[in-house]
Every structure is written in C-alpha cells, then in structure tokens.
Amino acid sequence: MIGLLIRRELRRGLGGSAWLPVVFFLVVAALVPFAVGSDPRLLGRIGGGALWIAALTAALLPIERLVEPDRADGVLDQLAIRGISEDAIAAAKIVGHWLAFGPLLLLATLPASMLLGLDGPGLSRAVASLAVGTPGLAALAVAVAALTSGLARAGALAGLLLLPLAVPLLIFGASAASDGGSAFPLEGAVSLLLVAGAPFVSGAAIRAART
Amino acid sequence: MTLVAFRSVTCIRGGRLLFDSLHLAVAPGEAVQVTGPNGCGKSSLLRLAAGLLQPTSGRIERSVRVALVDDRRALDGERTLADALGWWAQLDRSLPALEAFGLDGLAGVPVRLLSTGQARRARLARVAATGAPLWLLDEPLNGLDRAGALLLDQAIATHLEGGGAVIAASHVPLGGAWRTLALT
C-alpha cells in the first residue's frame, strides 16, 4: 500500500518538472562567481555555503505541487476513506519527493561544483553534506506544503515558512560542506529530526485543512 | 444489523446549524435518498457518514467500509483512464470496473481530456470497483447523460441485491425504490 503511494509520488515528481529545481540550482550556483568575482580562494571558501543556498532555494519550487493538488482534487479524502492515515500519506510523499528531487540534485552538484571551482575533497564534502541534508529538506518541503495547502498565496507563504525553518539544516550542512568533520553528525541529527517529525506535522495539517 | 447509524447527530459548519438530533440507520439492501435545498447539509451528511467530518454532537456508528463519490475527481489528470482507475483498484485490491459504466472505449484517454460526464462515470466506476458495502453518492447524476443514468441505476440495483446499501444526495429523482430523508 505504502509502496503504491510512493510510486505515485515518484511518478508525479518525475513526470512534470523534475528538471526545474535542478536547473534552478545550477543557475543559482552559476550566479555566485558573477556576484563575488572569480577568485578561486574566495570561491573555495564560500562554495559549500553557496551550494547549500542554491539547494535551499531550489527546494522551494516543487512545494506547491506536493500536497495542494491532492487536497483540491479529493485524493487525500479518498485515501482517508480507505483507512490510510494522513501520517502515512505524508511519509510516502516525503520518500517519493526525495526520490524525485534528491538524486538529481546530487548529480547536479558535480557541474555546480565545477562552476564554483570546488576541487576533489571539496566536491566530495559538498556531495556528502547534500546527501545527508536533502532528506531533511524534502521532509521540510512536504510539511510546509501541507501547512500552507488550501491557503491563498500559498507559494509565497511557503517560502517565508520554509527558509527560516531550514536555518539549522543550512548552518550544519554548509559547515559540513566547507570544513567536513564535526558538523556532519549534527547535520545528520537535524536531518533525521526533520524526517522523523515531518510526517506527523504534515498529517495533522492535512487533517486540520479538511472541510 | 445496520451498516451505518446516526444517533442524535448534530452538525454545525462555519457557525451555521445544518441539522440537529438526526437519526438515521441504514441496513443492507437499503437505498436512502437525501433531499433538500442547496446548503442544507446533504454533502456534510455524506462526509459525516464517510468519517471525513466529526459530528458536533451525537454518535455515528459505522461497521463497514464505505466508498464516496463527490464533486472532485481524485484521478491523476496526466495518466490514462485505465491507469488512473487501475491505481485505485490496486489500492483496493480489486479490478477496475470500466465496462460497468461504458468506459471501455476511453481506457487509453488521459483523464484530463475526459468530459464532465465521462469523469463522473469514472468516479462511479471506482466506487463500483471498491467492493465497499456502503456507497455514498453526492449528486451522482450531475453531468451524466440518459445512458449513464441508466447504467448507474443498474449498478445500484446490483449492489443492493448483493446486500450493499446506498446513501445518495440528489435534487433529482433517482431510478428504483428509495427511502427519502428530507433535510430542511
């Protein structure tokens, strides 16, 4: 049952515009050298953080299609009638969303790192920190999508909600990407906390939005 | 034995009292038509019966699975009708009932291209496929043509013979014998 839900989310994620956040991620990464200049030492120092900001802004794009279409079209109600809990639906959405978003973003980290002049160890640190952090980012995106679904101007509101909530993940993720080492366990802990808590927050939000 | 029973149920939505101390018991083989003017709480009654809403006071006892048709499609628009209904059938561990509602010719058509009536038939086909003993139909005739309405009557008759029950909210008369519950 949960496998069916995950497959549906993955298909919806890949079907429409999976490349959009990835291209956005690359564009933001490409803007950084234009903004701060092409000094390799400077870029090497801020590259990890720049990648994280690019990932964070890219994570905003899919939010509107994560929960709201299913609420408006009655899919969430039809699932609830079948005795599937909202928490399970949200968990499936998180897994499906990450599968459609995470691996592609990690792949795009390779060209993005080149744009920022990150070399071997810097590149592997960046990929590793995004691999650890993107599940938390996906969980946060689904939770924010559930919290804002059904509201007017949900897209703008979602941005205002997601970016501050992502600050802990950004701090430890960017620090892990730049220095590695001690920040990784903390980033992992924050990401795990988000993944563990988001299904319940999203489930409650879906129930509360039901009319 | 009752499939669903409303015991002194009161429903208040958006600060407005829709109905008060409502009693309703639906047994296998029974068909109940809920009638009443717009906004009298017909849809809310069905959503209460489905467990999607909680009553303000009173109790709702439901002993069986339900299937609901309302004004929302709940089918992925970009998929073909057969795939979209097939997904729900997989979830319900049943087989999609395309033929029962004359949809066999549309199996390969993307859901977003279906007309209002065709999309309504698709929703009814999903309900018929669930195998749930209690059907909740919210304005099932909306958008249906004459042939579609006849197919619906047939499907309901088969369902009732098999020991199922139906609660339908509708302004217009439905075919067959219905017990009427008038809301004001």
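How many helices and strands does chain A have? Here are some notes to read beside the model.

1. Chain A has 10 helices and zero strands, where helices (H or I, at least four residues) and strands (E, at least two) are DSSP runs numbered from the N terminus. Its pattern along the sequence is α-α-α-α-α-α-α-α-α-α.

2. A word on the ground rules: this is a predicted model, in which local features need pLDDT of at least 70 and side-chain atom pairs count only at pLDDT 80 or more, while totals for chains, interfaces and linings use all residues. Residues are numbered from 1 along each chain as its sequence is written, chains are lettered from A and ligands numbered from 1 in the order in which they are written, and side-chain values use heavy atoms, with hydrogens and water left out.

3. Chain B is built from four helices and eight strands. From its N terminus, the order is β-β-β-α-β-β-α-α-β-α-β-β.

4. On overall dimensions, the radius of gyration (taken over C-alpha atoms; the globule rule is 2.2 Å times the number of residues to the power 0.38) is 17 Å for the 211 residues of chain A, which agrees with the value near 17 Å for a compact globule. Chain B, with 184 residues, has 16 Å, and this agrees with a globule value near 16 Å. Along the principal axes, the C-alpha trace spans about 60 × 30 × 30 Å in chain A and about 50 × 35 × 30 Å in chain B.

5. Buried residues (under 20% relative accessible area, with exposed over 50% and partly exposed in between; 1.4 Å probe, protein chains only) make up 49% of chain A and 54% of chain B. As for contacts (heavy atoms within 4.5 Å), in chain A 81% of those between residues at least 6 apart in sequence join residues at least 24 apart. In chain B, residues 24 or more positions apart account for 69% of the contacts with a separation of 6 or more.

6. Now to the interior: a nonpolar core is a set of buried Ala, Val, Leu, Ile, Met, Phe, Trp, Tyr and Cys residues joined through side-chain atoms within 4.5 Å. The largest one holds 93 residues, of which F25(A), L79(A), L81(B) and L137(B) touch the most other members. Helix α7(A) gives this core its largest share, 11 residues. A second, separate core of 32 residues includes V26(B), L45(B), L68(B) and L183(B).

7. Two backbone angles deserve a look. Most residues other than glycine have a negative phi. R153(A) has a positive phi, near 50 degrees, and sits in the loop between α7 (120-148) and α8 (154-165) of chain A; R153(A) is exposed, at 71% relative accessible area. E139(B) also has a positive phi near 50 degrees, in the loop between β6 (134-138) and α4 (146-161) of chain B, but E139(B) is buried, at 12%.

8. Finally, V64(B) lies in the loop between β4 (57-62) and β5 (66-69) of chain B. At 19% relative accessibility, V64(B) counts as buried. Apart from neighbours within four places in sequence, V64(B) contacts L3(B), P133(B) and L134(B). The C-alpha atoms of V64(B) and A132(B) are separated by 7.4 Å, although the two are 68 residues apart along the chain.
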